Structures are given as C-alpha cells and as structure tokens.
Amino acid sequence: MYVLEVENLIRNYQKAVGKKGKEDIKVLKGLNFQVEEGDFTGIMGKSGCGKTTLLKVLGMIDKQTDGTVRFMGQDTKGLSGDTLADIRRTKLGFIFQDYYLMDSLTVEENIMLPMILGQEDAQKMMDSAKAYAEKFQIDHLLNKNPYELSGGEKQRVAICRALINNPDLILADEPTGNLDSKSGKIVIEALRTINQEMKKTIVMVTHDPQMASNCRKIILLKDGVILETLERGEKSQEEFYQEIIGKMEEL
Ligand SMILES: Nc1ncnc2c1ncn2[C@@H]1O[C@H](COP(=O)(O)OP(=O)(O)OP(=O)(O)O)[C@@H](O)[C@H]1O
C-alpha cells in the first residue's frame with residue numbers, strides 16, 4: 001500500500017518583477033515518487049532546493065501548482081480546506097525543527113492538542129499522552145511548560161504530539177536541526193523506534209548525512225528534480241552513510 005504517490009509534482013512561486021510584472025520561480029519541476037507503508041524516507045538537497053516546499057505540499061499545508069499527490073490512495077487536489085485540515089490533524093503527524101510547542105500550555109496539554117481539537121474523551125487523552133511520554137522518557141515533565149525544557153526534551157514532546165492521533169504518516173522537517181549531537185541522537189533513536197517498532201511511515205527532510213543514514217531510502221533533490229533515489233537495502237548504516245557522503249558532492 002502506498003501512503004503517498006506523487007506524479008509530475010510542480011510547485012512554482014511568483015516573484016514581483018518591476019511595478020506590475022510577475023515571474024514564476026520554478027522550485028519543484030515535476031517530481032515522481034512513491035512512499036510505501038512502513039518506509040523511512042529521507043529528502044536531501046542543497047539549501048533552497050525545495051525540500052521544505054515539498055514537505056509542505058505532502059503535508060497539505062501548501063498546494064502544488066500542477067501534478068498529483070495521492071495520500072492513502074486519495075487524490076488531495078479536489079479536497080476542501082476543512083477536509084484537508086481534518087486529514088492534517090487526524091492522519092498526519094508533524095515534527096518541525098523549531099518544535100512549534102505552545103509555551104502557555106503544559107507538556108501534557110501540548111501532547112494532547114490534536115486530540116483536544118478533535119474533542120476526544122478527557123481520560124482517553126490523558127492516558128494516551130502519558131503512554132507516549134513514558135515511551136520517550138518525558139513522563140516526569142508532563143506538568144512543566146515547554147520553556148522549562150531542553151531542546152531534545154521539546155522535540156520529544158513534539159514527537160508525542162505527532163503520534164497522539166495514531167497517524168498514517170509522520171512528516172519531519174530537520175527534526176535535529178537545532179539540537180546538539182547528544183540530543184540529536186536521542187531524537188533520531190525515537191524516530192527509529194517510531195518506524196521500526198510502531199511501524200509508522202516517516203518522511204524526513206535533513207541535510208545531515210548521519211541522520212539520513214537511518215533512513216531506508218533517500219530522495220536526492222537537485223535543481224527542482226530528483227537526481228537519484230538511494231536505497232539502503234542490505235548495507236550497514238556505516239556503508240550507507242559513506243554512500244550518502246559521496247553522493248552529497250554531486251548535489
Ligand atoms: N512563499 C514563497 N514565496 C516565494 N519563494 C519562496 C517561498 N517559499 C520558498 N521560496 C523559495 O523557494 C526555494 C525553495 O525553498 P525551500 O524552503 O523549499 O528550500 P529548502 O530546500 O527547504 O531550503 P533550506 O535547506 O535552506 O531550508 C527557495 O529559493 C526559496 O527562496
């Protein structure tokens with residue numbers, strides 16, 4: 001089963017030229033790929049090549065200019081804003097570099113937020129939040145506010161929030177980008193657990209080859225097209241890391 005099917009995906013932005021003119025900036029120039037259920041797919045490429053743009057379209061935060069994105073077999077093109085918002089809240093989990101936690105809420109409330117918006121039963125929400133917090137060793141922080149936490153702890157809160165509705169797909173944009181290497185390792189370990197134990201499908205943007213070597217597959221973007229897709233296959237993580245480093249020179 002494909003979680004995502006992307007066909008001829010094009011995303012242009014418009015730039016003002018002179019007083020009245022407009023010019024297209026072509027960012028994604030016709031991408032084709034699929035993400036299978038259970039995949040852990042990385043997206044890599046130079047700064048400005050369109051990684052975040054792609055993740056936003058896959059996460060239905062942004063719309064493509066042309067082409068097709070099917071999520072769980074459904075073409076997202078004709079869906080209303082409300083339907084897209086429902087899909088984002090119930091079927092997708094987002095993890096961002098900057099965490100996007102609400103400082104005015106406790107850690108527990110932050111984790112429960114997608115369920116609160118869905119008006120779920122209070123006890124069910126608290127039980128789920130506690131279970132995920134225990135799984136990622138932040139249960140002792142449930143009554144604190146995000147501003148009292150380290151970056152690595154914040155990102156684990158964001159991971160729990162991303163999982164709380166049992167989504168079909170997790171989208172992560174540079175999830176270790178703001179973390180030191182020790183916290184980054186804890187976060188990537190959490191993502192591996194989510195993928196391998198919980199069988200969640202993950203698409204992760206990263207510029208870090210060490211992070212990327214945890215993926216099963218890597219899409220390399222260059223100049224708005226897919227330069228190559230790397231498969232880990234039977235390679236060890238170290239061998240895959242070396243392959244990624246080699247390919248990065250071509251980006
Ligand atoms: N809303 C927008 N309007 C116009 N141009 C945009 C907009 N968003 C992004 N761009 C441009 O599109 C290109 C791709 O941006 P994007 O953020 O997707 O790149 P990226 O690969 O994620 O970069 P980085 O690794 O630096 O985060 C860049 O040239 C950027 O300036």
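Colleague: Which residues of helix α3 are buried?

Modeller: This is a predicted model. In α3, residues 107-117, the buried ones are V107, E108, N110, I111, M112, P114 and M115. The label needs 20 or more other C-beta atoms within 10 Å.

Colleague: What do the buried residues of α3 pack against?

Modeller: Against α2 (81-91), α4 (122-135) and α5 (151-163). A contact here takes C-beta atoms within 7 Å.

Colleague: Where is N166, and what is its phi?

Modeller: N166 sits in the loop between α5 and β7 (169-173). Its phi is near 50°, which is positive, and the residue is not a glycine.

Colleague: Where is K199, and what marks its backbone?

Modeller: K199 lies in the loop between α6 (181-196) and β8 (201-205). Its phi is positive, about 60°, although K199 is not a glycine.

Colleague: How do you know whether K199 is buried or exposed?

Modeller: By the neighbour count again. K199 has 9 C-beta neighbours inside 10 Å. The limit for exposed is 12 or fewer, so K199 counts as exposed.

Colleague: Now the whole chain. How many helices and strands are there?

Modeller: Eight helices and 10 strands.

Colleague: What makes the chain as compact as a globular protein of its length?

Modeller: Its radius of gyration is 19 Å. For 251 residues the globule rule gives 18 Å. The two values are close, so the chain is as compact as a globular protein of that length. The C-alpha trace spans about 50 × 45 × 40 Å along its principal axes.

Colleague: What share of the residues counts as buried?

Modeller: Of the 251 residues, 39%.

Colleague: What part of the contacts joins residues 24 or more positions apart?

Modeller: Such pairs account for 70% of the contacts with a separation of 6 or more.

Colleague: Which feature does UniProt place at residues 4-248?

Modeller: The unreviewed UniProt entry gives "domain: ABC transporter" for that span. Residues 4-248 are 36% helix and 29% strand. The end C-alpha atoms of the span lie 25 Å apart.

Technical notes
Residues are numbered from 1 along each chain as its sequence is written. This is a predicted model: local features need pLDDT of at least 70, side-chain atom pairs count only at pLDDT 80 or more; totals for chains, interfaces and linings use all residues. Helices (H or I, at least four residues) and strands (E, at least two) are DSSP runs, numbered from the N terminus. The radius of gyration is taken over C-alpha atoms; the globule rule is 2.2 Å times the number of residues to the power 0.38. Two residues are in contact if their C-beta atoms, placed from the backbone, lie within 7 Å. UniProt positions are given in the numbering used here, feature names are shortened, and annotations may be inferred rather than shown by experiment.
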